[in-house]
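Please find below a colleague's note on the model under review.

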Amino acid sequence: MKILYIARHAKSERTFDKPDEERLITDVGVERTKKIGNILKSNNAIPQRIISSDAERAYTTSLVFADQLSVEQKNIETNKHFYLGSAEQICDEIKSYDNNIDNLMIVGHNPQFTEIANYFVNDVVDNLPTSGVVVINFDTDEWENIDKSNAELKFKIWPGML
């Protein structure tokens, strides 16, 4: 079985003083992400690896999740396609992932991450909120075989649900 954690970055600052990919997460975003991380941990929903967009707000969110879930920083990767890539490109990246990893968290942006969640589990969310996570089980041993036909929603959680 493969488990995919689809996470949107934490609430970020609104500024026009820097490029979009350099925006930071807010203190509120950090606290909300910590709460979601604690819920994941209490449900034993702990990824082995985290792949993040290379945008600052996504990578910092990955660090917060990693800290809450006791995932070593060496198990965090960045992927440039997770920032501006299409949902299809991101899915292709996931499908090419190492099969030795069974539990994978991806951290990135809307609208792509909402689209990915809804592709695998029909209409699971209208708009994945910041710090939100959708957890999907796949009845397969190979990432290249993940598909809506073998996907099952395990659970979804975001700050507005708390």
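1. Basis of the note. The model is predicted, so local features need pLDDT of at least 70 and side-chain atom pairs count only at pLDDT 80 or more, while totals for chains, interfaces and linings use all residues. Residues are numbered from 1 along each chain as its sequence is written, and side-chain values use heavy atoms, with hydrogens and water left out.

2. Salt bridges in total. The structure holds 7 salt bridges; the term denotes a side-chain nitrogen of Lys or Arg within 4 Å of a carboxyl oxygen of Asp or Glu.

3. Asp102 and Lys2. A salt bridge joins the side chains of Asp102 and Lys2 at 2.7 Å, N to O. Helices (H or I, at least four residues) and strands (E, at least two) are DSSP runs numbered from the N terminus. Lys2 is buried, its relative accessible area being 0%, whereas Asp102 is partly exposed at 32% relative accessibility. Here buried means under 20% relative accessible area, exposed over 50%, and partly exposed in between (1.4 Å probe, protein chains only).

4. Arg57 forms a salt bridge with Asp20, and the closest N and O atoms are 3.0 Å apart. Because Arg57 lies in helix 2 (residues 56–69) and Asp20 in the loop between strand 1 and helix 1, the pair ties together parts that are 37 residues apart in sequence. Arg57 is buried, with a relative accessible area of 4%, while Asp20 is partly exposed, with a value of 33%. Asp20 and Arg57 also belong, together with Arg23, to a network of salt bridges.

5. Lys18 and Glu13. The side chains of Lys18 and Glu13 meet in a salt bridge of 2.9 Å, N to O. Lys18 has a relative accessible area of 28% and is therefore partly exposed; Glu13 is partly exposed as well, at 22%.

6. Positive patch. Which residues gather in a patch of positive charge on the surface? They are Lys11, Arg14, Arg32 and Lys35. Patches are made of residues with over 30% relative accessible area and no salt bridge, like charges being joined within 9 Å and nonpolar side chains (Val, Leu, Ile, Met, Phe, Trp, Tyr) within 5 Å. Accessible areas come from the Shrake-Rupley method with a 1.4 Å probe, and for residues only the protein chains shown count as cover. Lys and Arg count as positive and Asp and Glu as negative, while His and the chain ends are not counted. The place of a charge is taken as NZ of Lys, CZ of Arg, CG of Asp or CD of Glu. Lys11 lies in the loop between strand 1 (2–8) and helix 1 (27–42) and, at 32% relative accessibility, counts as partly exposed.

7. Negative patch. Asp139, Asp141, Glu142, Glu144 and Glu152 form a negative surface patch. Glu142 is placed in the loop between strand 5 and strand 6 and is partly exposed, with a relative accessible area of 33%.

8. Thr140. The loop between strand 5 and strand 6 also holds Thr140, which counts as buried at 12% relative accessibility. Leaving aside residues up to four places away in sequence, Thr140 touches Met1, Lys2, Asn145, Ile146 and Asn150; contact means heavy atoms within 4.5 Å.

9. Helix 5. Of the 9 residues of helix 5 (residues 112–120), 7 are buried, so this helix is largely enclosed by the rest of the structure. The buried residues are Gln112, Phe113, Thr114, Ile116, Ala117, Asn118 and Phe120. They pack against strand 1, helix 3 (81–84), helix 4 (87–95), strand 4 (103–108), strand 5 (133–138) and strand 6 (151–157).

10. Thr114. Within helix 5, Thr114 has a relative accessibility of 8% and counts as buried. Thr114 and Leu128 are 14 residues apart in sequence and 5.3 Å apart in space, C-alpha to C-alpha. Apart from residues up to four places away in sequence, Thr114 touches Val125, Asp126, Asn127 and Leu128.

11. Asn103. This residue of strand 4 counts as buried at 18% relative accessibility. Not counting residues up to four places away in sequence, Asn103 touches Ile3, Tyr5, Ile46, Pro47, Gln48 and Arg49.
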